[in-house]
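I opened my notebook to look up a few things in this structure. I wrote each one down as I went.

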Amino acid sequence: GVTHGVTHGVTHGVTHGVTHPLPHRLPPRRALWGRSPSGQVLPLGRRLAVALGVAGAAGGGWLYLREEKGRRQRAQRRAELQALALGQGDFQLQDHAGRRRCKGDFRGQWVLLYFGFTHCPDVCPEELDKLSRAVGLLEREPDLPPLQPLFITVDPERDDAAAMARYLRDFHPRLLGLTGSPEEVRAASSAYRVYASAGPKDEDGDYIVDHSILIYLLGPDGLFLDCYGRSKSAEHIARSVRRHMQTYQPLRDDAGQ
């Protein structure tokens, strides 16, 4: 009796559990890609439209973020240049043809400017040649505004107008040399924070002037936009100037006046 009851109970329970499992509810069927929630396949044109819409939205968002980042960087750079404000104030100098020149004469023009001296043995000729080649490269693009090359001496004692005229024959034909009294040259150099210091004279009275070696890019408002050291090639300078011309925004409201 006990054996039959236990055997019947275990056998009935196991058999019942195996042959009669509890029913489970299946989860609702998900809509697959290309199908509507009801299971119907979407037309190809509609699937393409959906895909293109998603891709377009993602691409548009990425372009917006990139453009917004560029705007912030340009605004920050503009604020930095406004704070630096190299080249503010006027200067009064004389060009190599003997004409008096002031900074206002170049307002509204793009300018590549170099400070040096005619007795420089190697660096100044190399930099002026590089400047001349950069100007020549940009002159090949008629859609760009003209670029005026300038050379201001840091050695006014030896670099009078006649000396400047002789020296500049070897460079770009539009390269304009500027000189003046020691006070006038010092004022122009200070406006662009150019360092210049004459060394001791030798037995022949000759000397070297130690000075900053930079080519400055000035915008139409006359203010500093960029500079290029000895490591920068003429091609690099031309690319940089072109980019500045194409994205130019005045640093002050009276630019070009």
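This is a predicted model: local features need pLDDT of at least 70, side-chain atom pairs count only at pLDDT 80 or more; totals for chains, interfaces and linings use all residues.

**Entry 1: Arg100 and its partner**

I began with Arg100, which is partly exposed because its relative accessible area is 46%. Next I asked which side chain meets that of Arg100 in a salt bridge. I found Glu184, with an N to O distance of 3.0 Å. My cut-off for a salt bridge is 4 Å between such atoms, so I counted the pair. Side chains of opposite charge can pair when their charged atoms come close.

I then looked up where the two residues sit. Arg100 is in strand β2, while Glu184 is in helix α5. The pair therefore ties together parts that lie 84 residues apart in sequence. Glu184 has 24% relative accessibility, so I noted Glu184 as partly exposed.

How many salt bridges does a search of the whole structure find? I got 10.

I picked out Glu141 and Arg242. Their closest N and O atoms are 2.6 Å apart. Glu141 is partly exposed at 26% relative accessibility. Arg242 is also partly exposed, at 22%.

Then I checked Arg101. Its side chain forms a salt bridge with that of Asp95, at 3.0 Å from N to O. Are Arg101 and Asp95 buried or exposed? I found both of them buried. I also traced a network of salt bridges that links Asp95, Arg99 and Arg101.

**Entry 2: The sheet**

Arg100 sent me back to β2. I found Arg100 to be the bridge partner of Gln94. Strand β1 covers residues 92-95, and it pairs with β2 over 3 bridges in the antiparallel sense.

I followed the strands across the whole sheet. It is open and has 7 strands, in the order β2-β1-β5-β4-β3-β8-β9. The pairing is mixed. Which strands are at the edges? I noted β2 (100-102) and β9 (224-228), each of which pairs on one side only. Neighbouring strands are turned against each other by 35° on average, with direction ignored.

**Entry 3: Helices on the sheet**

I looked next at helix α3, residues 123-139. It lies across β3 (110-116), β4 (147-153) and β8 (215-218). Its direction is at about 170° to β3.

Helix α5, residues 182-191, also packs on the sheet. I saw it touch β1, β2, β3, β4 and β5 (176-179). The directions of α5 and β1 make an angle of about 110°.

**Entry 4: Two sides of α5**

Which residues of α5 are buried? I listed Val185, Ala188 and Ser189. Looking down the axis of α5, I found that its buried residues fall within an arc of 100°, so they line one face of the helix. An α-helix has 3.6 residues a turn, so residues three or four places apart point the same way. The buried residues of α5 pack against β1, β3, β4 and β5.

I turned to the face of α5 that points away from this buried side. It carries the exposed residues Glu183, Arg186 and Ser190.

**Entry 5: After α5**

Arg193 follows α5. I found Arg193 in the loop between α5 and β6 (196-198). Its phi is near 55°, a positive value in a residue other than glycine. With a relative accessible area of 55%, Arg193 is exposed, because the cut-off is over 50%.

**Entry 6: Cysteines**

How many disulfides are there? I counted 0. The nearest cysteine sulfur belongs to Cys124 and is 3.1 Å away. A disulfide needs the two sulfur atoms within 2.5 Å, and Cys120 is in none. Cys120 is buried at 9% relative accessibility, whereas Cys227 is partly exposed at 30%.

**Entry 7: Ser240**

My last stop was Ser240, in helix α6 (residues 234-246). Its relative accessible area is 3%, so I noted Ser240 as buried. What is Ser240 in contact with, leaving aside its neighbours within four places in sequence? I found Asp226 and Tyr228.

Terms used
Residues are numbered from 1 along each chain as its sequence is written. Side-chain values use heavy atoms; hydrogens and water are left out. Two strands pair if DSSP finds at least two bridges between them. Helices (H or I, at least four residues) and strands (E, at least two) are DSSP runs, numbered from the N terminus. Axes are lines fitted to C-alpha atoms, for helices over the stretch in contact, and angles run from 0 to 180 degrees between N-to-C directions. Contact means heavy atoms within 4.5 Å. Buried means under 20% relative accessible area, exposed over 50%, partly exposed in between (1.4 Å probe, protein chains only). The arc is that of the directions from the helix axis to the C-beta atoms.
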